[in-house]
Amino acid sequence: MSFVMRQNIIMPRRKEFKGIAGGLINSFLSRNNDIDGYWALGLFYQCAAAREDFRFELDLLSGKSWPYFEYSERASKSYRDFLFTQLERKGFEKVQAKKAIVLINFNTSPTKWHVEHIYTWGEPFVCRVSITDDLGREWSSEIKGWCGQHNPDREGRSTRRYAS
């Protein structure tokens with residue numbers, strides 16, 4: 001942990017927000033991020049593609065998404081909890097995170113990175129997690145990858161399922 005000492009008070013450094021954003025994005029893009037047994041990213045892609053926009057935004061603090069997604073509140077809850085836990089561990093208060101947004105652009109033009117790192121089927125995407133602190137500064141992390149739209153005929157389903 002990095003801290004700054006002021007008048008015998010230990011204050012966390014704001015750059016810790018960037019590390020928190022990095023932890024959030026890595027967990028969010030994990031195959032363990034599932035919704036009713038299916039990879040959340042593929043479901044978000046399907047939702048965005050249905051609107052022919054190929055962009056999906058999830059507000060972790062409010063639980064709202066654009067476009068609307070039936071399970072956005074459930075999908076955001078564990079990441080909101082993760083954010084608050086990390087803030088507390090780093091010495092911040094919950095209210096110091098004014099915004100926490102996950103923005104995914106699907107079906108993007110492949111970059112050199114995408115061409116060199118094909119791990120799965122689907123199309124290229126870019127995901128960005130940004131946290132805006134109480135001073136108005138934005139801290140973010142970005143990851144590129146590959147993702148296909150949700151297709152139950154092609155995907156295995158985990159046993160983690162939502163109760164109806």
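1. Helix α1 lies across β5, β7, β8 and β9, and runs at about 20 degrees to β9. The model is a predicted one, and the points below should be read as a description of that model.

2. The helix has 13 residues, and from its first C-alpha to its last it reaches 18 Å. That is close to the 18 Å expected at 1.5 Å a residue. The buried residues in α1 are Glu-16, Phe-17, Ile-20, Ala-21, Gly-22, Leu-24, Ile-25 and Phe-28. These buried residues of α1 pack against strands β5 (55-59), β7 (97-106), β8 (123-133) and β9 (138-147), and also against helices α2 (40-50) and α3.

3. On the sheet: 5 strands make up an open sheet, ordered β6-β5-β7-β8-β9, with antiparallel pairing. The edges are β6 (65-66) and β9, each of which pairs on one side only. In general, the strands of a sheet pair through backbone hydrogen bonds, in either a parallel or an antiparallel sense.

4. Strand β5 pairs with β7 in the antiparallel sense over 5 bridges, and Phe-56 stands opposite Ile-104 in β7. β5 is also joined to β6 by 2 bridges, and this pair runs antiparallel. Here Glu-57 stands opposite Trp-66 in β6. The hairpin of β5 and β6 has 5 residues between the strands, and in it Gly-63 takes a positive phi near 85 degrees.

5. The two faces of β5 can be listed by residue. Phe-56 and Leu-58 make up the covered face, while Arg-55, Glu-57 and Asp-59 make up the uncovered one. Phe-56, on the covered face, is the residue that stands opposite Ile-104; Glu-57, on the uncovered face, is the residue that stands opposite Trp-66.

6. The structure holds 9 salt bridges. One of them links the side chains of Lys-90 and Glu-16, at 3.6 Å from N to O. Lys-90 belongs to helix α3 (residues 72-90) and Glu-16 to helix α1 (residues 16-28), so this pair ties together parts that are 74 residues apart in sequence. Are the two partners buried or partly exposed? Glu-16 counts as buried, because its relative accessibility is 12% and the cut-off for buried is under 20%. Lys-90 has a relative accessible area of 22% and is partly exposed.

7. Asp-53 and Arg-55 form another salt bridge, with their closest N and O atoms 3.8 Å apart. Asp-53 is partly exposed at 31% relative accessibility. Arg-55 is partly exposed as well, with a relative accessible area of 27%, and it is one of the residues on the uncovered face of β5.

8. Within helix α3, Asp-81 forms a salt bridge with Lys-77. The closest N and O atoms of this pair are 2.7 Å apart. The two residues are 4 residues apart in the helix, about one turn. Both ends are partly exposed: Asp-81 has a relative accessible area of 34%, and Lys-77 has a relative accessibility of 43%. Elsewhere, salt bridges that share partners join Arg-14, Asp-133 and Asp-134 into one network.

Definitions and conventions: Residues numbered from 1 in each chain as written. Predicted model: local features only at pLDDT ≥ 70, side-chain atom pairs only at ≥ 80, totals over all residues. Heavy atoms only, no water. Salt bridge = Lys/Arg side-chain N within 4 Å of Asp/Glu carboxyl O. Buried < 20%, exposed > 50% of the residue type's maximum accessible area, 1.4 Å probe, protein only. Expected span 1.5 Å × (residues − 1). Contact = heavy atoms within 4.5 Å. Pairing = 2+ DSSP bridges. Axes fitted to C-alpha atoms, helices over the stretch in contact; angles between N-to-C directions.
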